[in-house]
Amino acid sequence: MPDAGLPRPTPRPSRKPFGKTLKVGVVDVIYDAGPKLSWFDHLESQLVFKQYAAIMPQVVKVWCKQLGCDVTYKTFYSQCDLFTLMPDDLDVLFVTCCTQESHLAYGLSRYYQKKGTVTVLGGPHAHCFPNDAQRFFDVVVGPCNKDLVEQILRDEPRGGVYLESPPPTHFPGVEERMEDIIEALFYFGKPMIASTIPIYASVGCPYTCNFCVDYNSKYRTVDTDALEADLRYINTHHPDATIGFHDANFAVRFDETMDVLERVDNKNGYGMGITMSVLNTEERIMRLKNSGCRYVQCGIESLSGFHGKQGRSRKLGLDQARQGAQDFFENLSSVFEMTQCNIIFGLEDDMGTDLVDQYVEFVESGAAGIINMCIPTPFAQTPLYDTLVREERLLPMPFLFYRDSYLSVIPKHYDARTYYQHMITILKSSTSNRAIYNRLASPRLGGKRKFPFHRCAGELTMRLVDRFQFMPTCQRILDAFDEPDMAAFYAGKSKRLPKFFRRELEERIERLDGLVESDEIEYPHFESERVSPPQGLRVV
Ligand code: B12
Ligand code: SF4
């Protein structure tokens with residue numbers, strides 16, 4: 001059952017419930033490109049990371065405005081000095097960030113605390129590592145609705161408290177968020193080729209992948225009337241913009257979501273992430289295409305556990321799994337302009353060189369478009385994190401290394417040096433002559449390119465990033481294994497951060513001098529293993 005029956009809060013008239021007009025800031029700290037930016041970093045920040053703006057900070061901004069506050073909302077993607085984004089005289093500052101940017105969020109919080117502002121952290125990092133964040137913020141929030149925001153604005157709590165509420169049953173629509181969408185995602189007030197308008201058709205996910213924060217979330221489609229209103233608004237006012245569905249897993253209730261897109265006769269292009277098992281018929285794939293879908297992202301996660309993603313109970317041999325993935329993506333990328341395949345190399349079932357060979361074959365076959373190769377990251381509040389703590393395979397890496405290229409865990413079946421060697425082999429294959437030829441040559445010449453060359457720009461960029469950013473960083477880390485402190489750290493014999501990482505840590509936090517001590521970032525407060533974690537609530 002969709003939750004169309006859930007009560008919608010009655011809109012409240014604008015008022016001043018806090019005795020005065022509170023000055024409030026909302027900052028989405030998206031990306032730290034480091035202290036010195038090359039021209040490529042500038043370009044990447046503008047075209048890629050700017051587009052990572054989240055929906056929830058915009059929602060919080062709308063709520064604060066409805067509560068009569070004077071609110072400034074900004075995103076930070078390394079486009080300027082973080083400390084000049086906001087007015088200086090804020091009463092309350094809301095910040096959100098992923099774990100890899102938490103050092104910047106911490107610095108920003110201290111900067112405003114010194115001015116007397118109450119600082120609040122919500123979002124992915126607050127969800128995963130509240131204990132660590134409580135050292136730097138006055139308030140850290142988990143699930144959060146408008147009443148909780150109102151409570152924080154009224155009480156202005158301090159001292160690192162943790163607060164949570166039931167999640168919202170309704171999100172402000174695109175029309176209410178539009179000025180923030182323009183601020184965050186458009187260029188000079190207009191949508192450009194990279195611009196998206198982010199919306200939800202659902203929140204949560206009914207699947208239970210052990211590395212994912214959504215493994216135990218409750219899946220809910222948003223009110224179909226609200227989705228319809230959003231789509232009609234976008235089609236009428238911004239027909240050239242691309243819609244970005246920020247659902248953890250799009251259209252799990254496939255017919256229900258498609259019915260809305262079809263009812264609206266959606267003409268805007270859209271992109272989303274979806275589970276392979278949902279796309280199990282040709283009819284579904286064509287329904288997606290005909291409703292405007294241009295970009296599809298699917299997670300294989302691992303060829304070792306591939307059968308699960310396809311909704312099969314029988315475990316496949318690696319060769320069969322690779323062939324299955326290849327067939328699936330070949331079909332997909334002949335229909336959609338842009339496809340992305342997410343792989344996490346080094347999950348618990350991954351082992352041996354056969355797996356690496358199969359990934360190389362898969363990548364070079366040119367079947368998938370963008371290959372998003374990830375390193376397992378130990379986000380807390382997940383079963384994988386609990387296992388890593390229990391088995392003492394969680395390395396004491398500072399959170400700013402919870403990003404591409406940096407391994408913060410001891411993989412179950414690879415030592416770190418071998419792991420990096422394999423990762424480099426796979427990354428190299430994504431820009432090998434064979435991969436480029438298979439992917440970009442037209443079918444006339446034996447390749448698999450179905451769309452005009454200029455439509456492959458996104459994919460080419462990602463492959464160049466792999467070759468010239470991701471892979472060289474992996475190579476530098478691999479080379480550093482010759483330093484004894486590095487080898488000892490990755491063997492779990494020393495907890496001291498190797499000099500190689502300390503140098504980068506110091507470079508990155510130099511900008512936070514006088515706000516955070518390097519020790520505070522170097523030694524995060526990790527969450528402990530949960531003894532009886534909440535069970536998955538599978539609602540499909
Ligand atoms: C949509 C999405 C994206 C989109 C949009 C970015 C975004 N931040 O939303 C795109 C594709 C761009 C993206 C990119 C990335 N993502 Co992402 N993404 C998600 C996803 C699937 C949904 C987020 C969402 O909107 N959920 C729905 C909302 C309603 O639920 P919620 O997030 O649980 O929020 C509740 C509370 O946390 C709170 N809340 C949330 N935000 C805020 C903000 C404030 C101010 C307050 C007060 C409260 C509050 O209220 C909500 C309602 O109760 C999540 C998975 C997940 N479930 O969160 C991953 C997730 C957030 N992504 C993740 C990661 C790692 C990334 C990348 C770093 C990947 C990469 N290597 O490039 C980038 C970086 C993005 C960035 N800098 O923000 C991780 C973050 C883990 C972490 N602790 O850091 C997650 C959790 C997935 C995972 N691995 O488990 N992502
Ligand atoms: S299917 Fe995707 S969103 Fe759902 S639990 Fe697995 S990884 Fe997370």
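Colleague: Which residue stands opposite isoleucine 243 in β11?

Modeller: In this predicted model, tyrosine 270 of β11 is the residue across from isoleucine 243. The general idea is that strands of a sheet pair through backbone hydrogen bonds, either parallel or antiparallel. Here β10 (residues 242–245) and β11 (residues 270–273) are paired in the parallel sense, over two bridges.

Colleague: What is the strand order of the open sheet that holds β10 and β11?

Modeller: The order is β7-β10-β11-β12-β13-β14, six strands with parallel pairing. At its edges are β7 (196–199) and β14 (370–374), each of which pairs on one side only. From one strand to the next, the twist averages 20°.

Colleague: And what is the order in the open sheet that contains β1?

Modeller: That sheet has six strands with parallel pairing, in the order β2-β1-β3-β4-β5-β6. Its edge strands are β2 (70–76) and β6 (161–163); each has a single partner strand, so one side of each is left without a neighbour in the sheet. The twist from strand to strand averages 20°.

Colleague: How many bridges join β1 to β2, and how many join β1 to β3?

Modeller: Seven bridges join β1 (residues 23–29) to β2, and six join β1 to β3. The strands run parallel in the pair β1 and β2, and also in the pair β1 and β3.

Colleague: Is β1 largely enclosed or left open by the rest of the structure?

Modeller: Largely enclosed, because six of its seven residues are buried. A residue is called buried here if 20 or more other C-beta atoms lie within 10 Å of its own.

Colleague: Which helix lies across β1, β3 and β4?

Modeller: Helix α3 (residues 102–113) lies across β1, β3 (92–97) and β4 (118–122). The angle between α3 and β3 is about 175°.

Colleague: Into which domains is the protein chain divided?

Modeller: The chain is divided into domain 1 (23–163) and domain 2 (197–477). Their C-alpha centres lie 28 Å apart. Nine residues of domain 1 are in contact with eleven residues of domain 2. On the domain 1 side of this contact, α3 and α4 are the elements that give two or more residues. The residues of that side divide into four nonpolar, five polar and no charged.

Colleague: Why does ligand 1 lie between domain 1 and domain 2?

Modeller: Both domains give residues to the shell around ligand 1, so the ligand lies between them. There are 33 residues around ligand 1, and Ala54, Met56, Cys98, Gly122 and Gly123 come nearest. The elements giving two or more residues to this shell are α2 (56–66), β3, β4 and α4 (124–128). Of these, α4 gives the most, with four residues. The shell divides into 23 nonpolar, eight polar and two charged residues.

Colleague: Which residues are around ligand 2?

Modeller: Among them are Cys205, Cys209 and Cys212, together with Tyr207, Asp214 and Tyr215. The list also includes Ala248, Asn249, Thr275 and Gly299. This shell divides into six nonpolar, three polar and one charged.

Conventions. Residues numbered from 1 in each chain as written. Chains lettered and ligands numbered in written order. Predicted model: local features only at pLDDT ≥ 70, side-chain atom pairs only at ≥ 80, totals over all residues. Near = placed C-beta within 6 Å. Nonpolar A, V, L, I, M, F, W, Y, C, P; charged D, E, K, R; others polar. Pairing = 2+ DSSP bridges. Axes fitted to C-alpha atoms, helices over the stretch in contact; angles between N-to-C directions. Contact = placed C-beta atoms within 7 Å. Buried ≥ 20, exposed ≤ 12 C-beta atoms within 10 Å, placed from the backbone. Domains from an automatic or database assignment.
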